[in-house]
Amino acid sequence: MFISIIIPFYNIGEKIEKAIISCLNQKDKDKFEIIFVDDGSTDHSADFINNFNGLNILNYLIIKQKNKGVSAARNAGLNEAKGDYILFLDSDDYIHEDLISDLMKNIHQQPDLIYWGYDTVDEEGNTIQKYTDTNTYCDERKNLLYQYLAGKTWIWTGSALYKRSFLLEKQIRYTEGKAFSEDIEFITKCIFHSNTIISLHKTLSYYVQNTQSVTKGVNYKRFQNIHTLSVIEEMLKGKRELEVFRSTFKP
């Protein structure tokens, strides 16, 4: 089994350093590849990655595209991925040094989805919120979607691993052109269509809150959230989760 880590970036510069170092700190360096996707950067980001000290010991490549947004960049990385499993990681976030080894202990069971805890941190790495402060782990596939929509078990872009053949079979991809709630749509589809899941009761990823994030501030693209709600509601018609979606998640 082999893992592909897909990291899109756009004018990230040195802020990608923590993501790179966290990959270099993995114990099982031969069990994964990194696909950096340059989403039309106009700065030195690609050079910074290529010249990063020690990165050449890892299996990595940089692919480039015109600026199409994070969803298109993740899809481009998925097209190039050679791994049996896929991990999407944003360029300013990072992973625990045990992540790959812990995943390798579990993917022999070949689940469709593995998820784990993540802590929200500031740019200096100080903890803002621990995962278990607001979330519980759910080990049962039949209850995971309900727990997710009820806001009791949250899965974030960088805290889930997906079987690549599952994504291809179910034709699950990111909706291109969407920069808000694109991850919620993608993750909900994956939970909905999955047959087998594994939860690792451990914090293995770190979500960095930074002031320059695309999801901060007032932006007309926030109306894309309405599209996401529409997609999820349509998908849930006739399912028991529709009630909790309408009463808890949608409001």
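Glutamate 185 and lysine 189 form a salt bridge, with their closest N and O atoms 2.9 Å apart; a salt bridge here is a side-chain nitrogen of Lys or Arg within 4 Å of a carboxyl oxygen of Asp or Glu. The model is a predicted one, in which local features need pLDDT of at least 70 and side-chain atom pairs count only at pLDDT 80 or more, while totals for chains, interfaces and linings use all residues. Residues are numbered from 1 along each chain as its sequence is written, and side-chain values use heavy atoms, with hydrogens and water left out.

Glutamate 185 and lysine 189 both sit in helix H8, 4 residues apart, or about one turn of the helix. Helices (H or I, at least four residues) and strands (E, at least two) are DSSP runs, numbered from the N terminus. An α-helix has 3.6 residues a turn, so residues three or four places apart point the same way. Both glutamate 185 and lysine 189 are buried, where buried means under 20% relative accessible area, exposed over 50%, and partly exposed in between (1.4 Å probe, protein chains only).

Helix H8 (residues 182–193) also has a partner: its axis and that of helix H9 (residues 224–235) come within 10 Å and cross at roughly 10°. Axes are lines fitted to C-alpha atoms, for helices over the stretch in contact, with angles running from 0 to 180 degrees between N-to-C directions. On the H8 side, Ile184, Glu185, Thr188, Lys189 and Phe192 make the contact, and on the H9 side His227, Thr228, Val231, Ile232 and Met235; contact means heavy atoms within 4.5 Å.

Turning to the other salt bridges, the structure holds 14. In one of them, the side chains of lysine 27 and aspartate 98 meet at 2.4 Å, N to O. This pair links distant parts of the chain, 71 residues apart: lysine 27 is in the loop between H1 and E2, and aspartate 98 in the loop between E5 and helix H4 (99–104). Aspartate 98 is buried, at a relative accessible area of 16%. Lys27 and Asp98 belong to a salt-bridge network together with Asp102, Lys105 and Lys202. Elsewhere, arginine 240 and glutamate 241 join their side chains in a salt bridge of 3.7 Å, N to O. Arginine 240 is partly exposed at 47% relative accessible area, whereas glutamate 241 is buried at 9%.
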